[in-house]
Amino acid sequence: MCGIVGYIGNRDASAVLLKGLQRMEYRGYDSAGIAVVNGDLDVRKKLGKVEVLVRELDGNKVSGNLGIGHTRWATHGVPSDVNAHPHTSSDGKFALVHNGIIENYAAIREKLQQNGHTFESQTDTEVLVRLIEDIHNKNDQSLVESVQEALRHIVGAYGIALVSSDEPDLLIAARNGSPLILGVGENEYFLGSDAAPIIEYTRDVIYLNDGEMAVIRRWGYEVLSVDNVVQHKEINHLDWDLQEIEKGGYPHFMLKEIFEQPKSIENAMRGRIDASNQHVRLGGLTPHLEMLKSADRIIICACGTSWHAALVGEYMIEGIARIPVEVEYASEFRYRNPILRKGDVVFVISQSGETADTLAAVREAQSQGIPVFAICNTVGSTIARESDAGIYLHAGPEIGVASTKAFTGQVTVLAMLAVKLGQGGALSADETNTYLKELKAIPGKVEEVLKKSDEIKSIGQEYSYMSNFLYLGRGPNFPVALEGALKLKEISYIHAEGYPAAEMKHGPIALIDQFMPVVFIANKDSSYDKVLSNIEEVVAREGVVIAVTDNEDPELDRLCKHVIRIPSTLEYLSPLLTVIPLQLLSYHIALLRGCDVDQPRNLAKSVTVE
């Protein structure tokens, strides 16, 4: 969740660290800090966003060309200057930043206190740095060996980086369950929780695996296991562009990413759909295609927005390919001792490819001998590497904490998967042709919806003061109702709930009054008449209705306070269009309420701790 950045080379380390922290602020933002070796160890850290730290250093800069930095998302201890990272040894000779949760920190802390250690913070991270210090002071061994020994005592997840004033040519990093990337430059090296702080300087990276440690010196590096076994690692080349992680003239990353969706959806299909030959190419799945088509059951595991995409995928795969699908919360999957059988297949969905709960689902399924396939956006991520095969979204970096283009990218990939699985079976040649042509037309139709941003903003102005919203949809647009409600909750802090439209009568209708706006997805599809009846029921109770529809039915204009009309497409593809107005509505309402849409409170982009 937190962001780690590190540097060793000839540049001004503080400049590299601060810029890197700004680019990773979406990973954690309640406090930030850096530690730079410049003869001594200079540590600066402040409560608040990175900009607070930048102002603190303005005119009082830290010099040196070795250092580490951190943006925090609080787990142990409230956000404060004291709890901010880096944390130091009691003698101030080395500093450590940490992402993750050390589960046995209380027992270690108690033992260290018995040995005379005192603690300033409430964090598990300070316990780790004092443990390293304790081991290093008691034993005649190197700092690298002391870190290795300390990590062998740790239970839990970590990504760490450590520097020492006694060793000004050494940067140590290690991971177990929390991502770390080593960037390899010319006579310089970089660390990052992801590629964002590295891409400006180098595209050559090494992905650390669990249980691995990078020992980085000015003249080179080696990767070891925590047990001190040399690991031979491949250098990977990033295909990100720097401009992809810049706002590009937009006021917020979220708005930029909403408007990037025509391109990101097109990129998800690029080279994969040949409509003229009725062919879908999903290269990574090709060797497994027959197994997938004959699967007794497909289980999809995901969290948050990705879980909503998975629900859309369930409707698509069952409706188009006629293969049974179950969707699981990844956070519950392994803890309920799931029953998996031969003939089952597991798919996991994660934008970052580092989601801790989803990665745990991968390992749980594989431990039972079940093949696992990934749908993720980040090339080289842990989930992508550990799955048997998968499909990349090619959506480009998503910086806004509230996911937008990743959702539509995931739904696009799931639509292609459904067509591929149905082709030659449940799906006729004519039906295949229709789906592929409609998929190719989706980016242009998304562009049409985006033109309604000002119209949707004016609607948002009427409801930005509301405390509650209800979102209702049917069929494949029921998950879109869930996603619309989640977006509003995430960035505007308005309580919102999503339901299947027919479920309104089974409880939520009690909440309906003139102060509860109800957003309906009311496309002209197989359930339209039923949805229209549900709208009538809301209006009869003085509810205010906002409808998203592809229908010109004047009855909607009579019943609804607002009607947002979108282009038509096939029912199973409609979530790719109906979700766009809901993203824009949440964005504009949040902005009108003065909320930070890119970094909403209490949230981080990638949930890498359980």
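A residue counts as buried when its relative accessible area is under 20%. By that criterion helix H5 (residues 143-152) is mostly covered, with seven of its 10 residues buried. The model described here is a predicted one.

**Helix H5 and its surroundings**

The buried residues of H5 are Leu 143, Val 144, Ser 146, Val 147, Gln 148, Ala 150 and Leu 151. They pack against one helix and several strands: helix H4 (124-138), together with strand S6 (94-99), strand S7 (158-164), strand S8 (167-176), strand S12 (212-217) and strand S13 (220-225).

**Strand S1**

Strand S1 (residues 3-8) is largely enclosed by the rest of the structure, because six of its six residues are buried. In a regular strand, side chains alternate between the two faces of the sheet. For S1 both faces are covered: one side carries Gly 3, Val 5 and Tyr 7, the other Ile 4, Gly 6 and Ile 8, and all of these are buried.

S1 pairs with strand S4 (residues 66-72) in the antiparallel sense, through six bridges. Within this pairing, Val 5 has Gly 69 of S4 as its bridge partner. S1 is also paired with strand S10 (residues 189-192), again antiparallel, over four bridges.

**The parallel sheet**

Five strands make up an open sheet with parallel pairing, in the order S19-S18-S20-S21-S22. Strand S19 (325-329) and strand S22 (389-392) stand at its edges with a single partner strand each, so one side of each has no neighbour in the sheet. On average, and with direction ignored, neighbouring strands are turned by 20° against each other.

Within the sheet, strand S20 (residues 344-350) and strand S21 (residues 372-376) are joined in parallel by five bridges. Phe 347 stands opposite Phe 373 of S21. Helix H11 (residues 356-367) packs on the sheet, where it touches strand S18 (297-302), S20 and S21, and its direction makes about 165° with that of S20. Helix H13 (residues 405-422) packs on the sheet as well, touching S18, S20, S21 and S22, with a direction about 155° from that of S20.

**Helix packing around H19**

Two packed helices are described by the angle between their axes and the distance between the axes. The two contacts of helix H19 (residues 575-592) are set out below in these terms.

| Helix pair | Angle between axes | Axis separation |
|---|---|---|
| H14 (residues 429-450) and H19 (residues 575-592) | about 25° | 9 Å apart |
| H16 (residues 478-492) and H19 | roughly 20° | within 9 Å |

Angles under 35 degrees count as roughly parallel. H14 and H19 are therefore roughly parallel to each other, and H14 passes H19 in a right-handed crossing. On the H14 side the contact involves Leu 439, Ile 442, Lys 445, Val 446, Val 449 and Leu 450, which meet Leu 576, Leu 577, Ile 580, Pro 581 and Leu 584 of H19. The residues of this contact comprise 10 nonpolar, no polar and one charged.

H16 and H19 are likewise roughly parallel to each other, and their crossing is right-handed. H16 contributes Val 480, Glu 483, Gly 484, Lys 487, Leu 488, Ile 491 and Ser 492, while H19 contributes Pro 575, Thr 578, Val 579, Leu 582, Ser 586, Tyr 587, Ile 589 and Ala 590. The contact of H16 with H19 divides into nine nonpolar, four polar and two charged residues.

**Backbone exceptions**

Most residues other than glycine have a negative phi, and most peptide bonds are trans. Several sites in this model depart from that pattern, as follows.

His 85 and Pro 86 are joined by a cis peptide bond with an omega of about 5°. Pro 86 belongs to the loop between S4 and strand S5 (87-88).

Asn 228, which is not a glycine, has a positive phi of about 75°. This residue is located in the loop between S13 and strand S14 (230-231). Asn 228 is partly exposed, its relative accessible area being 45%.

Arg 322 also has a positive phi, of about 60°, without being a glycine. Its place is the loop between helix H9 (304-321) and S19. With a relative accessible area of 61%, Arg 322 is exposed.

Technical notes:
Residues are numbered from 1 along each chain as its sequence is written. This is a predicted model: local features need pLDDT of at least 70, side-chain atom pairs count only at pLDDT 80 or more; totals for chains, interfaces and linings use all residues. Side-chain values use heavy atoms; hydrogens and water are left out. Buried means under 20% relative accessible area, exposed over 50%, partly exposed in between (1.4 Å probe, protein chains only). Two strands pair if DSSP finds at least two bridges between them. Axes are lines fitted to C-alpha atoms, for helices over the stretch in contact, and angles run from 0 to 180 degrees between N-to-C directions. Angles under 35 degrees count as roughly parallel, over 145 as roughly antiparallel, 65 to 115 as roughly perpendicular and the rest as oblique. A crossing is left-handed if the near helix is turned anticlockwise from the far one by less than a right angle, and right-handed if clockwise. Contact means heavy atoms within 4.5 Å. Ala, Val, Leu, Ile, Met, Phe, Trp, Tyr, Cys and Pro count as nonpolar, Asp, Glu, Lys and Arg as charged, and the others, Gly among them, as polar.
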